[in-house]
Amino acid sequence: MTMARREWAEAVRQRFALTKSDLVGFRFAINVGLGTMIVWQTLDAFGHRPPIWAIASMIAASDPEPGEARRMFWCRLVNVAVGGAAGLIFLVASGMASWVMPVALATTVLVSSYLVRIKTMWRQAPITAAVVIASGVVHQSTAFSIAQGLLKVTEVTFGCLVGLAVSLVMSRVWLIQEFPEERRSA
């Protein structure tokens with residue numbers, strides 16, 4: 001049964017002249033589709049709509065290569081934590097003054113760049129800080145902003161976890177190998 005499936009898959013691959021890169025792209029498309037379905041259905045079941053931050057995070061943390069998916073997961077998670085913490089600290093310490101956002105974002109970039117030093121996804125830290133602070137400014141409530149900030153950080157973390165999990169499972173379910181003709185031409 002397994003051999004017949006492999007022969008069929010090889011025949012399809014050769015018929016359409018699919019390369020390893022093509023198959024990796026198809027697997028990534030499936031990863032994103034499955035991850036989106038999982039994130040959307042799960043958060044919808046909890047009444048959380050729309051789960052855009054979780055879906056964006058799932059896509060950012062997904063990768064058809066499991067090692068890269070793990071790396072992206074940790075990079076994103078660390079920078080989300082830095083941004084969430086910075087946003088909450090500035091909100092609690094400074095309130096909703098108009099100067100808070102630019103100072104908080106600049107400070108977050110400095111912390112992310114010079115202390116944390118995880119360049120991949122480093123833009124995520126000030127983005128997260130901006131989301132946390134903006135929700136408080138719009139609603140003129142520090143308590144609301146803290147709740148929204150924690151919710152967004154949780155949503156991003158959930159999306160990252162789903163992206164990583166789907167990437168790891170799909171890399172085991174659908175193993176993509178280097179093809180002999182690609183090795184010869186390289």
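**Aromatic and helix contacts in a predicted model**

Phe73 counts as buried, at a relative accessibility of 5%, in what is a predicted model. Trp74, by contrast, has a relative accessible area of 52% and is therefore exposed, the threshold for that class being over 50%. Phe73 and Trp74 form an aromatic pair with an edge-to-face arrangement, in which the ring centres lie 4.9 Å apart and the planes make an angle of 75 degrees; the structure holds 1 such aromatic pair. A further arrangement involving an aromatic ring is found at Phe16, over the face of which Arg15 lies, at 5.5 Å from the ring centre.

The packing of two helices was also examined. Helix 4, spanning residues 66-94, and helix 5, spanning residues 100-116, have axes that come within 10 Å and cross at roughly 140 degrees, and the crossing of helix 4 past helix 5 is right-handed. On the side of helix 4 the contact is made by Val78, Asn79, Val82, Gly83, Ala86, Phe90 and Ser94, while helix 5 contributes Val100, Val103, Ala104, Thr107, Thr108, Val111, Ser112 and Val116. Classified by residue type, this contact of helix 4 with helix 5 comprises 9 nonpolar and 6 polar residues, with no charged residues.

In helix 2, which covers residues 20-45, Ile38 was considered individually. Ile38 has a relative accessible area of 36% and is thus partly exposed. When residues up to four places away in sequence are not counted, Ile38 touches Val162 and Val166. Ile38 and Ile176, which are 138 residues apart in sequence, are separated by 24 Å in space, C-alpha to C-alpha.

How values were computed
Residues are numbered from 1 along each chain as its sequence is written. This is a predicted model: local features need pLDDT of at least 70, side-chain atom pairs count only at pLDDT 80 or more; totals for chains, interfaces and linings use all residues. Side-chain values use heavy atoms; hydrogens and water are left out. Axes are lines fitted to C-alpha atoms, for helices over the stretch in contact, and angles run from 0 to 180 degrees between N-to-C directions. Helices (H or I, at least four residues) and strands (E, at least two) are DSSP runs, numbered from the N terminus. A crossing is left-handed if the near helix is turned anticlockwise from the far one by less than a right angle, and right-handed if clockwise. Contact means heavy atoms within 4.5 Å. Ala, Val, Leu, Ile, Met, Phe, Trp, Tyr, Cys and Pro count as nonpolar, Asp, Glu, Lys and Arg as charged, and the others, Gly among them, as polar. Buried means under 20% relative accessible area, exposed over 50%, partly exposed in between (1.4 Å probe, protein chains only). Rings of Phe, Tyr and Trp (its six-membered ring) pair if their centres lie within 6.5 Å; planes under 30 degrees apart count as stacked, over 60 as edge-to-face and the rest as tilted. A charge sits over a ring if NZ of Lys or CZ of Arg is within 6 Å of the ring centre and within 35 degrees of the ring normal.
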